Amino acid sequence: MSLVTTLSQVPKKMRDVKTYIPFASASLAFVVGAVILASTDIDVGRAYTTMFRGAFGSIFGIGDVLVKTISLLLTGLAVSVAFKCRQWNIGAEGQLYMGALGGTLVGISLLGAVPGLAIFLVMLLSFIFGSLFALVPAVLKVKFGVNEVISTVLLNFVAILFISFLLHGPLKAPGFNPYSPEIAEASEMPIILPGTRLHAGIFIAVAATVGVYYLWKTKIGFEIKSVGANNNAARYAGMNITKSILITFAISGGLAGLAGGLLVSGVQHFLIEGISPGYGFIAVIIALLGRQHPIGVAVVAFFFSVLMTGSESMYRSLSIPTAFAMTLQALVLVFVLVGQLFIIWLNKRQTGRRLDLKEKWLAK
Amino acid sequence: MKNITIRFGEVTANNNVDFELRKGEIHALLGENGAGKTTLMSILYGLYQPQAGEIIVKGQKTSIKSPNDAMTLGIAMVHQHFLLTPPHSVTENIIVGLKESRGLLINMSAAEKKITQLSEKYGLKIDPKTIVGDLAVGEQQRVEIIKALYRDVDILILDEPTSMLTPQEEKALFSTLQSMVRQGLSIIFITHKLREVMEVSNRVTVLRGGKVVGTVNTSETNETELARMMVGRPVIESIAHMGYSSNSPVVLQLKNVSALNNANVMFLKELSLELRRGEILGIAGVDGNGQAELAEVIAGLRKVQKGEIIMDGKSTTALSPRKIRELGLAYVPQDRLNTGLILEYSIAENLILDRWYFEKYSGRVFLKKDEMKKFAEKAVSEFEIKTPGINVPVNSLSGGNLQKVLMARELARNPKVLVVHNPTRGLDIGASHYIHEQLIKQRDAGVGVLMISLDLDEILTVADRLAVIYEGKIMAVMDTKDADVDYIGLLMGGKESAVYSKKEEAQDRK
């Protein structure tokens, strides 16, 4: 059997060089990261081993990786749903905080102590809080044409400061620290892997991933996707752009809100300032790298979670600042984006002739 | 310029074109949209490289590879859309890219002085210190012209310079041009307006379909002759007209409809129109006279400011695009790449773009994949769409096949009214013919077809009646079979006394 026929049995995607470019780019980021580490006289081998061990070396580490994946995955999905509609929601962080507030309110109320119902209500209210908060920039956009990039970025600060205000005032539990009261036990997500912090929220995150995957096969998903792909064509075909934008933001904010609710109900069990180390911001990178595809987002979210968890252990045992993890994330982003430019260039070269024709036709 | 030929894919934009500019003349380059005027001048300005032919400037055979080369040879072009940076001053805009603007310190006052001198010399009134963004369109154009003069050019190409000017600004421009040629400059003036040619040029070269029809001295010609040269005779064999009947019911009626264009200028001015069942009504006119606005107003994509639209007895004036479609409209927009289709979508997805919510194609929540597939396969075989499959993104299809996808979707609506805008633009002859056949089939099935087209030949071949649109108004409506091309040409050029001059001409013949 010749090599050609063997190759042709491999799915086309696997044969295409372009499939591997993102992975190669990500690896290059680690090479540059190594150079940075080496330049500060750190043993690169030991640093990367520590990072790997921190993430996978113990059951606790693995649990922690998955816990962080929950937050990154939900916010990553949130942002990617919005991006798919070409709505630049950079406000996942703020929506996460509002979701955390919604969850907390249920958890500390009487309803929060009702077994079974409590968890459901915690999730529901965190989704709704995130959703409603995301609808603020959405309504501003469709009613007054306010650019959503600016409004969502700014509303992050509004949400974070509003939570601070609550924790220093009306929502403050007795004691010195600006914490909310602890939520009732019935509102806590059960731990599913003893000896770790991994909680049942992982199932919600997986369900959300599947849900987003199927969203694009629904009627409303088709409408949203079309508005994002070409709102001119969508309008011409009789789609309702305003409705699509509002629904997009509602879903997006809701998913980010869920991430917040799960941080309270699954990890912290009360609301604090800085409950998220910027998951909603990293989510933007995750959505971009995952190319807004739920599976892609899940893979990247997991990968980033490994980076974050690993870098914490690098800090603990080698005193390498956690800023290095952020540096690595940024490097991965830059390299993968450049890699995508490379892919675009390759595509252009392949279909160059046709594109050329089209442009010239348009220019006429 | 000798024997210039340039092809874009299968379209020959300039075919063996000869063009000659004498020193100190204003030479008008006249032709309809897509006649190849701008392409020819873009070659002279170094924006395109011709596949054949040669360019001789001041007796020297040259090759112009870029606008920089053109500039060195003393050739400058003022584009239809200005290339200025609004927040900067006139002087800054003019000297940008020149030696004077390099280095740390820029000698502004020297530049300003030179600009003032130029503006006095040619009567181009301008204050060099003003911010360009604050200037009126006519003044911005002056800046563009001074920008060229500042670079010591002696050949100036103006691409449709009057398209955005008020009549007063236009007058000022013409007198400037006159004074420029008196000082020894040579000017090429691209236009499709007959009146301007007569008013300002010394000689005129007419292009049609990428070929030169002829070059004549302006003093020895008249508008009627130029119109005939520009528009030409129908070249395609006429498709038999069904014999439109004036008693078939009106299916679409526009009553004094006014609408704004994208720049918020009232662009449709109390336009009235009647489309009957079982006819093809062609809308002829020069591009930018309200055709796009007309189509969009009917489709509900543009707001009606005044007036009323009635389709099949119901007012659609304030309805959403979806409601209007549901009442029986199908619409094939001219911009099939950016409005009619979503290029990254597959054929199957594009085909349900307007009907994703129909019970046939979706359940309560999910789209029905099988139904989409069935529909797509049927469309591909019925419309002979050449494609590797129904799931490939349509951006891999040729222009003709894209248009077939679009037509397949719109015709599958079983419309009462079909609006098509430039339905065969950019298509090859085979695909064009196929589209025309489809339109006639629709007409024969009783659909009212409104065909807006820049291609007059197309209208004369396919349409039963035609209306001429000029500056957002219908100038005249007539039966195609007794339409007079010269007369249409005059109407398209906005010659308001067209009726009169036609009579006059008839008398002259006697």
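This is a predicted model: local features need pLDDT of at least 70, side-chain atom pairs count only at pLDDT 80 or more; totals for chains, interfaces and linings use all residues.

Me: OK, let's start with α9 in chain A. How many residues does α9(A) have, and how far does it reach?

Reply: Helix α9(A) runs over residues 201-215, so to speak, with 15 residues. From its first C-alpha to its last it reaches 20 Å, close to the expected 21 Å.

Me: Which residues of α9(A) are buried?

Reply: Those are Gly201(A), Ile202(A), Ile204(A), Ala205(A), Ala208(A), Val212(A) and Leu215(A). They sit on the same side of α9(A), because they cover an arc of only 160° around the axis.

Me: What do the buried residues of α9(A) pack against?

Reply: Five helices of chain A are listed here: α5, α7, α10, α12 and α14.

Me: Let's take α5(A) and α12(A), then. At what angle do they pack?

Reply: About 170°, and their axes are 7 Å apart. An angle over 145 degrees counts as roughly antiparallel, so that is what α5(A) is to α12(A).

Me: What classes of residue make up the contact of α5(A) with α12(A)?

Reply: It has 17 nonpolar and five polar residues, and no charged ones. Leu74(A) and Ala78(A) are among those from α5(A), while α12(A) brings residues including Phe249(A) and Leu255(A).

Me: New topic, chain B. What's phi doing at Glu160(B)?

Reply: Phi there is near 45°, a positive value in a residue other than glycine. Glu160(B) is in the loop between β7 and α6 of chain B.

Me: And Asn264(B), where is that one?

Reply: Asn264(B) is in the loop between β11 and β12 of chain B. It isn't a glycine either, and its phi is positive, about 60°.

Me: Is Asn264(B) buried or exposed?

Reply: Asn264(B) counts as exposed, because it has 7 C-beta neighbours inside 10 Å. Glu160(B) has 19, so it counts as partly exposed.

Me: Last one: how many residues are in contact between chain A and chain B?

Reply: 20 residues of chain A are in contact with 26 residues of chain B. On the chain A side, the elements giving two or more residues are α10, α11 and α15. By class, that side has eight nonpolar, five polar and seven charged residues.

Note on methods:
Residues are numbered from 1 along each chain as its sequence is written. Chains are lettered from A and ligands numbered from 1 in the order in which they are written. Two residues are in contact if their C-beta atoms, placed from the backbone, lie within 7 Å. Helices (H or I, at least four residues) and strands (E, at least two) are DSSP runs, numbered from the N terminus. Ala, Val, Leu, Ile, Met, Phe, Trp, Tyr, Cys and Pro count as nonpolar, Asp, Glu, Lys and Arg as charged, and the others, Gly among them, as polar. The expected span of a helix is 1.5 Å times one less than its number of residues. A residue is buried if 20 or more other C-beta atoms lie within 10 Å of its own, exposed if 12 or fewer, and partly exposed in between; C-beta atoms are placed from the backbone. The arc is that of the directions from the helix axis to the C-beta atoms. Axes are lines fitted to C-alpha atoms, for helices over the stretch in contact, and angles run from 0 to 180 degrees between N-to-C directions. Angles under 35 degrees count as roughly parallel, over 145 as roughly antiparallel, 65 to 115 as roughly perpendicular and the rest as oblique.
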